[in-house]
Amino acid sequence: MLIRQNKKGQVATIDLFLAIMIFTLIITTVLFTWNSYNAKIDKQIEYNSNLIKAYHISDLLVKYSGKPSSWHQSTIEDNEILIIGLAKEDRVIDPDKLTRFLSFEYDLAREKLNINSYEFYFKIAEINGDDLNPTIEYGNMTDSESAVVIRRYVIYEERETILEFWLQK
C-alpha cells in the first residue's frame, strides 16, 4: 500500500510539470505573436503617417502659390518665406518658383517644407517616366525601400508631366 501512494504522488508531480510546461509554451507563443503584430502595426502606422505627410506636401507644392505668393522674386529674403508653393495656378508649375526652389540649400528647403527630421527627393519627369531635358530633380534619395512616393500630374512649361515627391524618415 505504501508503494501505491508513492506512485500516485509521482504521477501527480509529472502531471503538474507537464501542465506548467504546456502553459509556459502557450504564454511564450502568445507573447511572441503579440510582439510581432505590434511591430507590424507600428511599421504600418509610420508608413501611413509618412504617406499623409508626403501627400500634404505634394498638394502644397502643386496647388498653392506659397506665402507670400511672390516668394520666388529676388527681393524676398529666405527668412521672409513662410510656405513654399510652386503653383502658378492649380497643378500648373511656375518655372520661376521652381528655379528658386531648386536653388535653396537642402536644409533650408526641409525647414520651409517643415520636414526637418525627414529626407526628401523631388523630381519632375515626362508622363512616360523619362527625364526632362534638362533633368529637374532635387534632394536626397537614399533608401528607396523605406521611402513613401507620391506622384502628381502637373503642367510644366505647357506640357503634361509628373511631379514625384519621395519622403523618408
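Strands here are DSSP runs of E with at least two residues, helices are runs of H or I with at least four residues, and both are numbered from the N terminus; two strands pair if DSSP finds at least two bridges between them. This is a predicted model, in which local features need pLDDT of at least 70 and side-chain atom pairs count only at pLDDT 80 or more, while totals for chains, interfaces and linings use all residues. Residues are numbered from 1 along each chain as its sequence is written, and side-chain values use heavy atoms, with hydrogens and water left out.

**The sheet**

Select the six strands of the open sheet, which follow the order β3-β4-β7-β8-β5-β6 with mixed pairing. The edges are β3 (87-89) and β6 (131-139), each of which pairs on one side only. Next, select residues 119-126 and 159-168: these are β5 and β8, antiparallel strands joined by eight bridges. Which residue of β8 is the bridge partner of Y121? W166 is that partner.

**Cis peptide bonds and positive phi**

Most residues other than glycine have a negative phi, and most peptide bonds are trans.

- Select K67 and P68: the peptide bond between them is cis, with omega near -5 degrees. P68 sits in the loop between β1 (66-67) and β2 (83-84).
- Select N133 and P134, which are linked by a cis peptide bond with omega near 0 degrees. P134 belongs to strand β6.
- Select N114, whose phi is positive, near 60 degrees. N114 is in the loop between α3 (106-112) and β5, and is exposed, with a relative accessible area of 59%.
- Select E157, where phi is also positive, near 50 degrees. The loop between β7 (148-156) and β8 holds E157.

**Helix α2**

Select residues 95-103 and look down the axis of α2. Buried means under 20% relative accessible area, exposed over 50%, and partly exposed in between, with a 1.4 Å probe and protein chains only. K97, L98, R100 and F101 are buried in this helix. These buried residues fall within an arc of 165 degrees, so they line one face of α2; the arc is that of the directions from the helix axis to the C-beta atoms. On the face turned away from the buried side, T99 and S103 are exposed.

Finish at D94, which caps the N-terminal end of α2 with a side-chain oxygen 2.9 Å from the backbone nitrogen of D96.

Definitions and conventions
A polar contact is a pair of N or O atoms within 3.5 Å; within protein, one must be able to donate a hydrogen and the other to accept it, and residues adjacent in sequence count only if both atoms are side-chain atoms.
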